[in-house]
Amino acid sequence: MLELKGVDTSYGAVPMLRGVAMSVHPGELVCLLGPNGAGKTTTFMTVCGVVRAQRGKVEVMGRDMATLGTENLASLGVGLVPEGRRLFPSLSVIENLRLGYDAVSGRGSNFEAQLDKMGNLFPRIQERLRQVAGTLSGGEQAMVALARALIGEPRLVIMDEPSLGLSPKLIGEYFEITREIHRRGTTILLIEQNAEMGLGIADRGYVLVKGKVAQEGPAKELLSSKAARSLYL
Amino acid sequence: MQGSASLAAPGKAAAAVFAIASQLCGAAFLYLILKVDGGWQVVGLLALLGFGFYLLERLPWIGDYALASFARAPLVAMATAAVIVVAFPFVVGSNTYMLHLLIVAQLYAVLALALNFQLGSANIPNFATGASYGIGAYVSALLAINFGISFWLTLPVAALAATLFGFIIGIPSMRTRDTYLALVTIAFGVVVQQLLNNFSWTGGPNGLVGIPAPSLFGHSFADPLVIFGWKLPSQANFYYLAAALVVVAIVTAHRLHGSRIGLAWNALRADEIAAKAQGINVAWFKVLAFAVDAFLAAFAGTIYAFYVSYISPDNFTFLVSVTIMTMVIVGGMDNIFGVIVGAFMLTILPEKLRAFADYRLLFFGVVIIGFLMIRPQGLFPQRMRRYGGDL
C-alpha cells in the first residue's frame, strides 16, 4: 500500500533523507521510529507529497507520488493525521469531521451514521461536537484529528507523532484506540518517537537515524534488539 | 449555551411573533434613519443602534433566542421579510432620494456578499472587487449602446466576462498569499481602472453616457411603476430589480456556505496543508472564490450602469473596493445577514452624516470604530454549521 525506494529528500542544500527504503503492506501496522531530527516528519511530508523526493520513488496505493498532490490522497483511501493535529481551530468539531467525511464521498454510508461510529470510538469527543476545535484540550484535539482521518473510512492511515504532548494516561488510551482500528482491518503507518508504545502495538518497525534506515524488522525483535537499543532506544 | 437552553427554545407561536416583530422593528429603524435629516436625530438613532449591539454583545442569549426563533418559524420569517421588502417603496412613497439610497445599498449588499466568499470564507484579501463591478458595468453598457442588446441579455454576458477576469487575476494570485496577494489584487484593480480611463472605446475619463433603460413585458424602467392604482416613482423599478438580485446573492451564498465548497474555503483559510489532507485542491478553490466574486459583482455592475445610465472610471476606483471590504469586516465575516447589514450601514451612514458638513468623514470613522469596539468580531459574527439531527 505504501512503498519508498531509495528516497532522497532535502530542504535546500540540507539533505534530510538519504536512500530511505520502506514498505507497508495491506493489514499491517508499521511503526517508524527515530530520535529528534532523524527525518520522521520529513518522511511523512514526502509520503504525503508536501515535499517532493529528489531521487527514488514514493508509491502510495500503487500510485507514483511524483504526479499526485496531497489533495489526491483522501480519495485514494488514505487518511492523514499530521503532526500537531492541525485541526481547523475556528471551526466546530463537527465541521472538522465533516471535512474529513466529504474528502471521501460516495462511500454509501451517510454522515450521521459515520458520526455515530466515531462517537462510539471516541466517547470524549461525542459531547464536544458543537464546540470550536481551537478550544479543546490537547488530548481532545488529538482524538478529533484521528476521528477526522478515520471518518471517511480510509484503508491506510498515516499518523505523525500523535502521542506528542499527551499525558501518559492519554497516550495509553490513544494507542489502545489505534490498536483497535488496526484490528478492524485498517492499515496503519505510525510515525512515533515513543518506541516502547509504538512497537508495543506494531507488527513491524523501522528505525530512522540521521535520514537513513538504520534497523528494520518485526516489532518484537526490534524491541529486544541490542543494536536498535544502542542506536536509539 | 447550556445555561440559556430554556430561553433559547421558544415555542412555535412565540417564535413566529418574535420573527415578525423583530423584522418590523428593523424595517422601522431603517425607515427612520433614511427619513431623518437633523444631525442630532441621526446621532440619537445611531446611539440606539449602538446600544442594541451592546446588549447583543453583553447578553448573548438574545442572539441565541433570535436565531432559535428564526429557525423555528422559517416560513413566517421569510414571508415577513418578503412583505417588508415589497411594501417598503409604498411606505417611502414619492421620496426618490430614499429609494435611491436603498438601491445603492442593495447593490453594495450584493458586492459585499460577493467579496464575502473570498474575504469572509477563505480570507483572501481581494481589492479588485471594484474592478469586477466596473467590468460588469462597462461590458453591459457597451453592448447596449453599440449593439442595442437588451439589458436582460447583457446581464449574463457581463457576468461571464467578469468571471473570466476573476480567473485571470485568480491564477497568478495563487503564487502569492496574504499581504502579497493583496498587493497583486490592488495592482489588477488599478490597471483595470486606468485602462477604462485611457481606452477611447470606453469613453475615456468621460465614461459612457445614454445607457438605455431596460424594459420588461413592454414596461420601460424609466417610467413610473403603477401597481393596483398606486403610482411609484421610476426608481421603484430598479429597487425591485436590485432586491431580486440580493435574493439571488443570498440564495447563492447560503447554498455555497452550506456546501462542501464553503466548508473547504473555511478550511483553507485556517491551514492549507491540513486542508489538502482533507482532499481539498487549495489552488482550485481559491480561483473559484475569485470567479464567484467577479460573477456576482458583475451583476451588480450591470444593474448600476442601467440604473444611473451614465458610468465613468471614477465609479470603480480602488476606494470602492476598500469600501466593500469594510462592509464585510464591519458586518461580520462569513455571515450573510451581517454582511448585508454592513453594506446598508456603510452606504446610508455617509449620506446621513452630511448634516455634519466638513466633519462628515471624521464622524463616519468614529462611528465605524465605535461599532467595531462594541462588536469586535463584526456586527454579526460567523456561525457554526448545523448538520442533520445535530441541534
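Reply: Domain bounds here come from an automatic or database domain assignment. The model is a predicted one.

Me: Into which domains is chain A divided?
Reply: One of the two domains is made of two stretches of sequence, 2–77 and 155–231, written as domain 1 (2–77 + 155–231). The other covers 89–153.

Me: Which element gives the most to the side of domain 1 of chain A that touches domain 2 of chain A?
Reply: The centres of these domains, taken over C-alpha atoms, are 23 Å apart. In the contact, 12 residues of domain 1 of chain A meet 10 residues of domain 2 of chain A. On the domain 1 side, 4 residues come from the element that gives the most, H6(A).

Me: How do the residues on that side of domain 1 of chain A divide by class?
Reply: Pro and Ala are among the residues that count as nonpolar, while Gly counts as polar. On that basis the side of domain 1 of chain A that touches domain 2 of chain A has 8 nonpolar, 4 polar and no charged residues.

Me: Are the residues of strand E7 of chain A buried or exposed?
Reply: Strand E7(A) spans residues 156–160. A:Leu156, A:Ile158 and A:Asp160 point one way, and A:Val157 and A:Met159 point the other way. For 5 of the 5 residues in E7(A), the answer is buried.

Me: Which residue of E8(A) is the bridge partner of A:Met159?
Reply: E7(A) runs parallel to strand E6 (residues 78–81) of chain A, with 4 bridges, and there A:Leu80 stands opposite A:Ile158. E7(A) also runs parallel to strand E8 (residues 187–192) of chain A, with 5 bridges. In E8(A), the partner of A:Met159 is A:Leu190.

Me: Through which helix does the chain cross from E7(A) to E8(A)?
Reply: The crossover is of the β-α-β kind and is right-handed. The helix on its path covers residues 168–183 of chain A and is H6.

Me: Which helix gives the most to the side of chain B that touches chain A?
Reply: The contact takes 26 residues from chain A and 20 residues from chain B. On the chain B side, helix H10 (260–270) and helix H11 (272–277) are the elements that give two or more residues. With 5 residues, the helix that gives the most is H10(B).

Me: How many residues are in the largest nonpolar core?
Reply: B:Val110, B:Leu111, B:Ala112, B:Ala300 and B:Ile303 touch the most other members of this core. The number of residues in the core is 183.

Notes:
Residues are numbered from 1 along each chain as its sequence is written. Chains are lettered from A and ligands numbered from 1 in the order in which they are written. This is a predicted model: local features need pLDDT of at least 70, side-chain atom pairs count only at pLDDT 80 or more; totals for chains, interfaces and linings use all residues. A nonpolar core is a set of buried Ala, Val, Leu, Ile, Met, Phe, Trp, Tyr and Cys residues joined through C-beta atoms within 7 Å. A residue is buried if 20 or more other C-beta atoms lie within 10 Å of its own, exposed if 12 or fewer, and partly exposed in between; C-beta atoms are placed from the backbone. Two strands pair if DSSP finds at least two bridges between them. A crossover is right-handed if, with the strands pointing away from the viewer, the path from the first strand over the helix to the second runs clockwise. Two residues are in contact if their C-beta atoms, placed from the backbone, lie within 7 Å.
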